[in-house]
Amino acid sequence: MTCCATGLLADVAQMRAADLSAWVSEPQPGYQRLELVVPGLTGPEHMPEIEAALTGLCGVTSARVNLTARRVVVIWRKGEGHAGDVMAALAGLGLEAQPFDPVKAGTSADQDEMSFLLRSLGVSGFAAMNIMLLSVSVWSGAEAVTRDFFHWLSALIALPTVAYAGRPFFRSAIHGLSRGQFNMDVPISLAVVLASLMSLFETINHGEHAYFDASVSLLFFLLAGRTLDQLMRARARSAVTQLMTLAATGAMVVEVDGTRRFVAISALRPGMKVQVSVGERLPADGVVIEGASDIDRSLVSGETMPEATGVGSRVHAGTMNLTGSLMIEVTAAGEDSFLSEVIRLMACAEQAKSRFVQLADKLARIYSPFVHGLAAVTMTGWLIYTGGDWHTSLMVAVAVLIITCPCALALAVPAVQVVASGALFRNGVMMKDGAALEKLAQIDTVIFDKTGTLTLNELTLASPKTVAMPVLALAAGLAATSRHPLARALSAHAASRGIVAESIAQVSEHPGQGLQARVRGETVRLGSRLWCGVDGAASGDLPEIVLKRADAAPVIFTFQDVLRPDAKPTIARLQQQGLHVEILSGDREGAVRRVAEALGIADYRAAATPQVKLAYVEGLTKAGRKVLMVGDGLNDAPALAAGFTSMAPAGASDIGRTAADSVFMGAGLTPVAVARDVAVLSQQLAKQNFALAILYNVFAVPVAMAGLASPFLAAVAMSTSSIIVIGNALRLGFAYRQRVAVPGMLRDVLRETLPLSMDKAA
Amino acid sequence: MNGLFFLIPIALLMGGVGLAAFLWSLKSGQYEDLDGAAWRILQDDETKPKPD
């Protein structure tokens, strides 16, 4: 199929230019700044191209690509440059761009938090190194005045550092305490503050032991964990933002006086008239008031075959307009609209779902009271044993707090999650939160939707197996102009056999019926049986298209679904792992059965409405099963929300992508199996890490309680356990290093989400 | 002992310079596009990005 992607994109870009003013900011007087998300920024090769094209524009002073975030920041002199030019220039390069507001998207808050954590990490790292240097001298036998001098120097570095770099923990601890919760940060803050104060007291009294090094390196390790955690969160959030910006954000509204303007979907009101061009998704539910077309409902209902639509038909948001331009009147976004029904079901599913508590949080709930109890027991024990020696007892209790400070625990999970999400990203899976990984490891059932999930949104020729070349060339020539899936499948088939489609001058498309043209003086038709005047009902339940020439017998082409290329091995792999695999589809029985048989899936259900899908998944959940729902459509959204966890392909409907916990890219289904593998491995590693951390405590705590812990021992034990935990987490990264990045991953996303650019022939 | 009086300030100063360099690099946005930076070094630089 050869549609002019860039041309259409350029039109869209121009339409949107009028609306860009909301996104343009003024960083300094006389200059304007626009930030854009460019999901098609696939690799470094685009960078110089984009920057050259944009800096070449009139008035543009700077254009900088951020490859990591796939964003472009353009700054131009006010009055000289225009936001519309920027969009048009990007569209000229074949790149779809969406204006982006970091504040609204929440990424600027993420960035602030991240740089705050990094600053704290830098400061605490500096302090930890220097204090450790001084402490090493003390441990190697500095005496009397020298020791005091070193202690004072350490105090001078440590106290401001604790006050500065400890803030993230103090804040969270106070926040937690004010709500009556003991979170992990309470023992952390206590240990750090008590250790510092006690060491200061010791220093003043020329004492032998000061724990400045411990309190600061504790902060350093914990901040590293906190930074990794934040990195994970920011990564997940940016995945969400990127997915959101892939969605169409507006609709072309035709006013009463005939003027057209591009408005955001949220600004659409009932009664507005919206123009929907060929190849666009419908922005809202409505009634057709002008034009006729075929509507692809595959994302909404899971049906493969498009539906003919004419004046007076009700149409749903999210469906794709295939063959003719339509004017629709937006109907009330009331309770009866399909979309609001789906959203209502989703909300119900979300409510019914019990809140998932992550392993780390579960541990934290036990850990804090346990540690505090331990310190209190130690304190009272020593008070009794020494007959009221407050000083010694307090020293030992503080040592217990320092030793048990959950350094390794706080690092264990974030380190694994960051490494895992990196490995997943390289394999084409974007996770929306860290819990998804943990849930994925626990699933026992996988339910696939058929259309768009197990199959691609494409069809392939099933019969006749042999067609004369000229016949196929003629049919392909007619089909070339149409967006109808059957016509596209026919063109693709001809192209794959190396047959050049006959070039036909004027093909007229009759939505819901077929195509017609005059070739060499005779009328040729391609379309439904009725359109071609062929009697009889369809031979089987496969979709078909008829080619009718004036003199010859009609040729009937039938088509079938195209499975994702690696669907079979992926399903087999999941089944081998002992997972129960099922299909739950909205499509017709026959089509579903064929796919199920081809993939070796015994359990399948066809013709399921969103309600049925939801009820089925909820039923399984009630029966104690942990379901991974994989689906793409609007009709899958409630089931996606109800599943224990869920995945959606990047080409899914907006709501499907929103409802799913993670999204995978590319034409293959392999990412589903890989995601499961990574999840299982990462949970193993996280548990190993917890075990290591607990093992460390089992040995270290008795030593500390017995009063034998010295600052030296504390420093060595703490660092070793933290480093072991990080090293263990990194093993996951090594295990998945060989799987190289999915090439052109985001190009695939674009191709799947923007059927405009679905240019297979190119 | 006397050595300490100039060696320790030197050690602290060197650490401090490192810290200052880190904070500066953080502030000037050098950690914002790590992927891009890795590739930029390989590209023939005809279009020098102008400083903001």
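Predicted model: local features only at pLDDT ≥ 70, side-chain atom pairs only at ≥ 80, totals over all residues.
Helix α17(A) spans residues 469–479, and because 9 of its 11 residues are buried, the helix is largely enclosed by the rest of the structure. The buried positions are Val471(A), Leu472(A), Ala473(A), Leu474(A), Ala475(A), Ala476(A), Gly477(A), Leu478(A) and Ala479(A).

Strand β21(A) is also among the elements that cover the buried residues of helix α21(A), together with α16 (450–454), β16 (455–463), α20 (567–576), β22 (580–584) and β23 (603–605) of chain A. In helix α21(A), which comprises residues 589–599, the buried residues are Gly590(A), Ala591(A), Val592(A), Val595(A), Ala596(A) and Leu599(A). Just after this helix, Gly600(A) adopts a positive phi of about 70°.

Elsewhere in chain A, 4 strands are arranged as an open sheet in the order β2-β3-β1-β4, with antiparallel pairing. Strands β2 (60–66) and β4 (98–99) of chain A lie at the edges and have a single partner strand each, so that one side of each is left without a neighbour in the sheet. The pairing of β4(A) is with strand β1(A), residues 31–37, to which it is joined by 2 bridges in an antiparallel arrangement; within this pairing, Leu36(A) has Pro99(A) of β4(A) as its bridge partner.

Two helices that pack on this sheet can be described in turn. Helix α2(A), residues 46–55, touches β2 and β3 (71–77) of chain A, and its direction makes about 160° with that of β2(A). Helix α3(A), residues 83–92, touches β1, β3 and β4 of chain A, and its direction makes about 35° with that of β1(A).

Considered as a whole, chain A contains 27 helices and 26 strands, and buried residues account for 56% of its 762 residues. Of the contacts in chain A with a separation of 6 or more, 70% involve residues 24 or more positions apart. The chain exposes about 30,900 Å², of which carbon and sulfur atoms supply 61%.

Methods. Residues numbered from 1 in each chain as written. Chains lettered and ligands numbered in written order. Heavy atoms only, no water. Buried < 20%, exposed > 50% of the residue type's maximum accessible area, 1.4 Å probe, protein only. Contact = heavy atoms within 4.5 Å. Areas by Shrake-Rupley, 256 points an atom, 1.4 Å probe, with all protein chains shown as cover. Pairing = 2+ DSSP bridges. Axes fitted to C-alpha atoms, helices over the stretch in contact; angles between N-to-C directions.
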